[in-house]
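User: I've got a model open and would like to talk through how it is put together. Could you take my questions one by one?

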Amino acid sequence: MKPSVRFPVSASLLRRLAYASIIANVAIVVTGGAVRLTASGLGCPTWPRCTDASYHTTPEMGVHGMIEFGNRLLTFAVGIIALAVLLAVLAQRPRRRGLLPLAIAVFLGIPAQAVIGGITVLTNLNPWVVGLHFLASMAVIAAAYALWRRIADPDGPAVATVPGPLRTLALLTTLVSAAVLVVGTWVTGSGPHAGDQGAARNGLDPESISQVHADGVFLLIGLSVALIFAFRAVGATRATRAAVVLVAVELGQGLIGFVQYFTHLPAALVAAHMLGSCLVLLAALGVLWSTRERRPVEPTPTATPAAEPVTAAA
């Protein structure tokens, strides 16, 4: 019987694939925003087909059909990358603990996203479903980031690198960043970029909900600045650098947000703001990850065989 052929995957290759998965999922958020910002949300008016008679766009559907169908095709590309990551995790020898659940989560998140995207079309771009579509992408990006970081970690136990209260503060900051993203979808659902001229809005007052969103951003920046000083006080250099990156990303995102608000939401700035949302999430996760580290697994000591008793000669 011939031995089975195996194709071992190096950790460096696996990490590059995981990094590509992060980039692909961020890219599809931006292209999905382009669909909405060009009023192409119903360029393919049904799902899973593009029209009742065709799975692909037709010349009669014009540029809007091409944009919407192009975004659907990109979903397959993102799924192929996620599948490659999953297969690489399965092929790795020795098999790493903790990688497979994350790889499966990222892979299954792609078709789940496609289904939610289909529901947005079938509900005529209901703003609450559109917001859920965006937040589901954030969840997939978070899982892809966790996988990317976990690949570089040893398999030993996780050990905190900062005191417990500071790790709690980092977790709170991450949760506030997620809340800001959620409220941001409400702001979007109340604004002019509906994805189609006939799509409804969520009925919230744009000015009021924008103020709630801005208040959340101020809270997030305040917590992030506090993390910088707290991490420096305990000598946590790696965590301090991560917090500085988070504040820089937040300030850039906040600047884009204010400019787009006072310039009546130009499409280019809204697209940049969507990219910034992904970067804020990744930077917040980076801070949380910097508050602990995994140590290599200690080798199991080899037991010394007991000496045989010496029998006296007769």
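User: What is the crossing angle between the axes of helix α7 and helix α8?
Analyst: Keep in mind that this is a predicted model. Helix α7 covers residues 237–262 and helix α8 covers residues 267–289. Their axes come within 9 Å, and the crossing angle is roughly 160°.

User: Are α7 and α8 roughly parallel or roughly antiparallel?
Analyst: The axes cross at roughly 160°, and angles over 145 degrees fall in the antiparallel class. The crossing of α7 past α8 is left-handed. So the label for the pair is roughly antiparallel.

User: How many helices and strands does the protein chain have?
Analyst: Starting at the N terminus, the order of elements is α-α-α-α-β-α-α-α-α-β. The C-alpha trace spans about 105 × 60 × 25 Å along its principal axes. The tally for the chain is 8 helices and 2 strands.

User: Which residue forms a salt bridge with R72?
Analyst: Look in helix α2, residues 62–91, where the two partners sit 4 residues apart and so are separated by about one helical turn. The N to O distance is 3.0 Å, and the partner is E68.

User: How many residues apart are R292 and D153?
Analyst: These two side chains form a salt bridge, 3.5 Å from N to O. The bridge links distant parts of the chain: R292 belongs to strand β2 (residues 292–294), while D153 is in the loop between α4 (127–152) and β1 (158–160), and the separation is 139 residues.

User: Are R292 and D153 buried or exposed?
Analyst: The cut-off for buried is under 20% relative accessible area. R292 has 10%, and D153 has 14%. Both values fall under the cut-off, so R292 and D153 are buried.

User: What percentage of the residues of the protein chain count as buried?
Analyst: Buried here means under 20% relative accessible area. The chain has 314 residues, and the buried share is 44%.

Conventions:
Residues numbered from 1 in each chain as written. Predicted model: local features only at pLDDT ≥ 70, side-chain atom pairs only at ≥ 80, totals over all residues. Heavy atoms only, no water. Salt bridge = Lys/Arg side-chain N within 4 Å of Asp/Glu carboxyl O. Buried < 20%, exposed > 50% of the residue type's maximum accessible area, 1.4 Å probe, protein only. Axes fitted to C-alpha atoms, helices over the stretch in contact; angles between N-to-C directions. Parallel < 35°, antiparallel > 145°, perpendicular 65-115°, else oblique. Left-handed = near helix turned anticlockwise from the far one by under 90°.
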